[in-house]
Amino acid sequence: MAADLVISHLRAGYGHLDILHDVSLTVRQGEFVALLGPNGAGKSTLLKTLYGMTTHKGGSIQWKGQEIAGGKPRVFLAQGFGYVPQGRCNFPTMSVHENLEMAAYTLKDGDLEGERNHVYELFPILQKRRNEFAGNMSGGEQQLLEMAMAVLRRPEILLVDEPSAGLSPQAITLVFNELKRLHQGGRTILLVEQNTRKAMDTAERAVVMRLGHVIWDSPKAELSHADLGQLFMTGKVEKASAASPPHGIH
Ligand SMILES: Nc1ncnc2c1ncn2[C@@H]1O[C@H](COP(=O)(O)OP(=O)(O)O)[C@@H](O)[C@H]1O
Ligand SMILES: [Mg+2]
């Protein structure tokens, strides 16, 4: 299977500020990758960069063989990227139904009803709540709405930033189950999470960032929770899997 997203030696930040120093990462079509790391590692900045929302300073982002680093958000959107930012990003005084309409404004061929029905099939909870103000729903339901708003544009790759933040354990389970279902439905997912246990349980591969670098990239089976703690704290892990040493570790 061709590698869909190939990030090489990417440098990016905000204005003069350099945040991503040298990030290389490949995500294959249909993969579910968890992007982990301590606060301030640059995880959100990487997702924002994959949606054209930071200052590109060097390196490349290839998507299906095409270079798109430094493109504006509309370039990434048009190329099939979907982005669900951290925190609430719906229109709280609009209904679920109206929120989905707002999310559809970028659709070129304008089949709003068709796309909305497709999303309702994927998220039956939202269909039940279609006339509810988004802001009146639980945190978990709002997170599902925000994922649905991104999914409505039929992205091929979904970038999701900390969907579990601030949610109850039941809501977290709900959100992760939906992510799993979206993945099973064929979408490629790059998930940033602080809830490392849930992320490791759900994703196929774990990538760890620290201080603007990728410091670990391996199938998750090679990384225990204890290893992860060490990586977060020190950037190194003493006793890694004997089977295959990680690449990219500093
Ligand atoms: N809009 C911004 N302008 C300037 N600096 C920012 C901005 N957003 C984040 N940063 C800085 O970038 C660094 C990485 O942040 P972030 O990507 O949010 O990390 P993470 O998501 O891993 O916690 C932090 O030092 C943070 O202060
Ligand atoms: Mg973040």
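1. Glutamate 132 is partly exposed, with 26% relative accessible area; here buried means under 20% relative accessible area, exposed over 50%, and partly exposed in between (1.4 Å probe, protein chains only). Arginine 129 is also partly exposed, at 24%, and forms a salt bridge with glutamate 132 in which the closest N and O atoms are 3.1 Å apart. A salt bridge is taken as a side-chain nitrogen of Lys or Arg within 4 Å of a carboxyl oxygen of Asp or Glu. Elsewhere, Arg28, Glu31, Arg205 and Asp217 are joined into one network by salt bridges that share partners.

2. On the basis of the note: this is a predicted model, in which local features need pLDDT of at least 70 and side-chain atom pairs count only at pLDDT 80 or more, while totals for chains, interfaces and linings use all residues. Residues are numbered from 1 along each chain as its sequence is written, chains are lettered from A and ligands numbered from 1 in the order in which they are written, and side-chain values use heavy atoms, with hydrogens and water left out.

3. Twelve salt bridges are found in a search of the whole structure. One of them joins the side chains of glutamate 146 and arginine 88, at 2.9 Å from N to O. This pair links distant parts of the chain, 58 residues apart: glutamate 146 belongs to helix 6 (residues 139–151), and arginine 88 to the loop between strand 6 (81–84) and helix 3 (96–103). Helices (H or I, at least four residues) and strands (E, at least two) are DSSP runs, numbered from the N terminus. Glutamate 146 counts as buried because its relative accessibility is 3%, whereas arginine 88, at 38%, counts as partly exposed.

4. A further salt bridge lies within one helix. Glutamate 113 and arginine 116 are both in helix 4 (residues 112–122), three residues apart, which is about one turn of the helix. Their closest N and O atoms are 2.6 Å apart. Arginine 116 is buried, with a relative accessible area of 3%, while glutamate 113 is partly exposed at 41%. Side chains of opposite charge can pair when their charged atoms come close.

5. Leaving out residues up to four places away in sequence, leucine 35 touches Lys43, Leu46, Leu47, Leu190, Leu191, Val192, Glu193, Val207 and Met209; contact means heavy atoms within 4.5 Å. The C-alpha atom of leucine 35 is 9.3 Å from that of aspartate 217, although the two residues are 182 residues apart along the chain.

6. The strand pairing around strand 9 (residues 205–210) can be described as follows. Five of the six residues of strand 9 are buried, so that the strand is mostly covered. Strand 9 pairs with strand 3 in the parallel sense over four bridges, two strands being paired if DSSP finds at least two bridges between them. Within this pairing, arginine 205 is the bridge partner of valine 33.

7. On strand 10 (residues 213–219), six bridges join it to strand 9, and the two strands run antiparallel. Valine 214 in strand 10 stands opposite methionine 209. The hairpin of strand 9 and strand 10 has two residues between the strands, and leucine 211 takes a positive phi near 50° there.

8. Serine 164 is placed in the loop between strand 7 (157–161) and helix 7 (169–184). Its relative accessible area is 9%, and serine 164 is therefore buried. Apart from neighbours within four places in sequence, serine 164 is in contact with Ile172, Phe176, Glu193 and Asn195.

9. Ligand 1 is surrounded by a shell of residues including Tyr14, Pro38, Asn39, Ser44, Thr45 and Lys48, where a residue is near a molecule if one of its heavy atoms lies within 4 Å of it. Helix 1 gives the largest share of this shell, four residues.

10. The polar surroundings of ligand 1 involve both backbone and side-chain atoms. A polar backbone atom of glycine 40 is 2.7 Å from an oxygen atom of ligand 1, and a backbone N or O atom of alanine 41 lies 3.1 Å from an oxygen atom of the ligand. From lysine 43, a polar side-chain atom lies 2.8 Å from an oxygen atom of ligand 1. On its own, ligand 1 has 560 Å² of accessible area, of which the protein covers 60%; such areas come from the Shrake-Rupley method with a 1.4 Å probe.

Conventions: A polar contact is a pair of N or O atoms within 3.5 Å; within protein, one must be able to donate a hydrogen and the other to accept it, and residues adjacent in sequence count only if both atoms are side-chain atoms.
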